[in-house]
Structure formats: C-alpha cells, structure tokens
Amino acid sequence: MNPLEFLIEILGSDDPEGRRLADRLAVTPWNGRRIIQHAPVRSIVIEAGELLECFQWSAEAPTGDVVDELADVLTYCHLLAVKLGVDSDQIVLEKLEQTRA
C-alpha cells in the first residue's frame, strides 16, 4: 500500500477535507513514510518536541517556525481523531466542559 492509499484508508475517500489532507501529505518530501512507520501518537510527541525546540533558547521563537511545527502537531492530532472516529472540535468542547465543572 502506498502512502496516499494508506492516508485515504485512514481518512476515508468520502471526506473532501480528509482527501485534501491525504493528497497534501502524499506529496511531502518524506512521502508519508513517517505516518506508516509510526502510530499517530508517536508522531504527535515527535512533532510536539520539535515545537518545543522553537522555544529552547528564547521565549520569542520565529513565528513561521512555530506555525510550521504547530501545523505538524495538529495534522497528526487530526489523523488520530479520524482514526478513532471522533470529531476533534467536539471532544475539545467536551473536555472544556469537564474542566469547567
């Protein structure tokens, strides 16, 4: 199975947003290999570490770098949510309600 087929299987071919994400990830320089080699949870941690590195030496990290790494974290979080069959926005709202109580 090639990376694009793998992503479409996870995201579902009926979801236009998922299809766009799959198409975008399939043309990245690493061609989706990281998604296949690691569970999304591992990738979230790896990318979160790269986001943290933006602030390693200064509280004023370059915005472009932060945005790039944040996009990576959110992408893997989205992939995990889709894989689990949950709505990302909904679970965030539910968690906010739990913590407010």
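1. Glu 69 sits in helix α5 (helices, H or I with at least four residues, and strands, E with at least two, are DSSP runs numbered from the N terminus). Beyond its neighbours within four places in sequence, Glu 69 is in contact with Glu 47, Glu 50, Leu 51 and Cys 54 (contact: heavy atoms within 4.5 Å). Glu 69 counts as buried because its relative accessibility is 16% (buried is under 20% relative accessible area, exposed over 50%, partly exposed in between; 1.4 Å probe, protein chains only).

2. On provenance: this is a predicted model, where local features need pLDDT of at least 70, side-chain atom pairs count only at pLDDT 80 or more, and totals for chains, interfaces and linings use all residues. Residues are numbered from 1 along each chain as its sequence is written, and side-chain values use heavy atoms, leaving out hydrogens and water.

3. Ser 43 belongs to helix α4, residues 40-53. Ser 43 has 4% relative accessibility, so it counts as buried. Its C-alpha lies 8.9 Å from that of Cys 77, 34 residues apart along the chain.

4. Helix α6 has 13 residues. From first C-alpha to last it reaches 18 Å, close to the 18 Å expected at 1.5 Å a residue (expected span: 1.5 Å times one less than the number of residues). At the start of α6, a side-chain oxygen of Asp 87 comes within 3.1 Å of the backbone nitrogen of Asp 89.

5. Val 86 is in the loop between α5 (63-84) and α6. Val 86 counts as partly exposed because its relative accessibility is 36%.

Note on methods:
Polar contact = N/O pair within 3.5 Å; in protein donor to acceptor, adjacent residues only side chain to side chain.
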